[in-house]
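Please look over the sequence and the 3D structure below before reading the report that follows.

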Amino acid sequence: MNHFNPECSIAPRVLATDLDGTLIPLPETEANRTDLQCLADHFAESQAPLVFATGRHFESVLDAIEQYNLPTPEWVVCDVGSAIYQRVGSGFQVFEKYESHLAETSGGLERTRIEKTLSTLDGLELQSPAHQQRFKISYQSNSDSVVRLVDQVNEQLRTARLPYECMGSVDPFSNCGLLDVMPAGVSKAYALIWLSTHADFSPDEVIYSGDSGNDYAALVSGFRAIVVANGSEGLAEKVRAQLVSRGISDRFYLAVNPATSGVLEGCRHFGLIS
Ligand SMILES: [Mg+2]
């Protein structure tokens with residue numbers, strides 16, 4: 001499921017947000033830090049669900065919460081949508097319903113089966129355990145080989161008839177190739193939409209905020225959508241055009257302010273925060 005048909009009369013109750021470039025304050029931006037406190041106060045007082053949806057791996061989300069003093073979310077969608085964690089007491093637990101869902105949709109394969117199938121490919125190296133999930137097998141490579149390796153991995157998966165697919169990118173900081181192998185169709189948006197139909201809230205109650213291309217699918221899925229002012233070039237226009245074409249442009253808000261301040265501004269626009 002990539003889209004749903006929103007029910008506009010339902011008041012928003014949930015903020016689902018990307019972290020980097022969105023909820024996390026930008027460096028040397030004092031207003032972002034003040035506005036983060038305002039958001040934190042709202043979620044502490046109202047007990048409204050807060051959801052983090054990020055490509056970061058789980059440990060890295062915990063680091064970000066501590067480093068930037070972020071409010072503690074009820075839910076964390078992480079590892080590019082391959083895992084969902086639920087807050088339980090003062091900690092988090094893997095949301096097993098989602099694990100079972102992915103196990104079912106991917107034919108109950110163990111990750112060792114994928115690793116074995118790909119073990120003959122030259123130039124692929126497994127990333128450290130912190131970057132691995134039951135449903136995300138992450139490799140690294142030389143940055144020059146990523147494109148070739150993604151093709152080879154996908155070819156190998158097709159030949160072995162495994163319902164998984166590979167996506168690749170280059171880490172701009174380390175200039176290292178990153179390859180994620182996950183059940184076909186799984187993404188951050190996929191996990192978030194699934195969660196919004198299996199948690200104690202509905203998709204119509206969700207506001208989603210983001211800043212870059214990997215937020216696009218979630219921004220146009222039908223949630224109320226905030227693009228922060230520092231959003232990547234062309235993103236806001238693309239999201240707006242898509243929502244206009246479906247007759248739900250009232251679900252879109254382009255913030256005047258960047259990052260955290262844009263999120264707060266959008267939450268006020270949609271009436272989540274007064
Ligand atoms: Mg981002």
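The C-alpha centres of domain 1 and domain 2 lie 27 Å apart, where the domain bounds come from an automatic or database domain assignment. In that assignment, domain 1 covers 14–99 + 187–269, and domain 2 covers 107–183. Seven residues of domain 1 are in contact with eight residues of domain 2, a contact being two residues whose C-beta atoms, placed from the backbone, lie within 7 Å. The side of domain 1 that touches domain 2 has two nonpolar, two polar and three charged residues. In this classification Ala, Val, Leu, Ile, Met, Phe, Trp, Tyr, Cys and Pro count as nonpolar, Asp, Glu, Lys and Arg as charged, and the others, Gly among them, as polar.

This is a predicted model, in which local features need pLDDT of at least 70 and side-chain atom pairs count only at pLDDT 80 or more, while totals for chains, interfaces and linings use all residues. Residues are numbered from 1 along each chain as its sequence is written.

The protein chain has a radius of gyration of 19 Å, which agrees with the value near 19 Å for a compact globule of 274 residues; the radius is taken over C-alpha atoms, and the globule rule is 2.2 Å times the number of residues to the power 0.38. Buried residues make up 42% of the 274 residues, where a residue is buried if 20 or more other C-beta atoms lie within 10 Å of its own, exposed if 12 or fewer, and partly exposed in between.

The protein chain holds ten helices and twelve strands, which are DSSP runs numbered from the N terminus (helices H or I, at least four residues; strands E, at least two). Two strands pair if DSSP finds at least two bridges between them. The two sheets can be set side by side.

| Sheet | Strand order | Pairing |
|---|---|---|
| Open, eight strands | E5-E4-E3-E2-E1-E10-E11-E12 | mixed |
| Open, four strands | E6-E7-E9-E8 | antiparallel |

In the sheet of eight strands, strand E5 (91–94) and strand E12 (252–254) stand at the edges, and each has a single partner strand, so one side of each is left without a neighbour in the sheet. The twist averages 20° from one strand to the next; axes are lines fitted to C-alpha atoms, for helices over the stretch in contact, and angles run from 0 to 180 degrees between N-to-C directions. Strand E11 (residues 224–227) pairs with E12 in the parallel sense over three bridges, and Ile 226 stands opposite Tyr 253 in E12. Helix H10 (residues 259–269) packs on this sheet, and its direction makes about 155° with that of E10.

In the sheet of four strands, the edges are strand E6 (125–126) and strand E8 (164–171). E8 pairs with strand E9 (residues 176–183) in the antiparallel sense over eight bridges, and Val 170 has Gly 177 in E9 as its bridge partner. Helix H6 (residues 146–159) packs on this sheet, touching strand E7 (137–142), E8 and E9.

The loop between E8 and E9 includes Phe 173 and also Asn 175. Phe 173 is exposed, with 6 other C-beta atoms within 10 Å. Asn 175 counts as exposed too, with 10 C-beta neighbours inside 10 Å. Not counting residues up to four places away in sequence, Asn 175 touches Ser 143 and Val 170.
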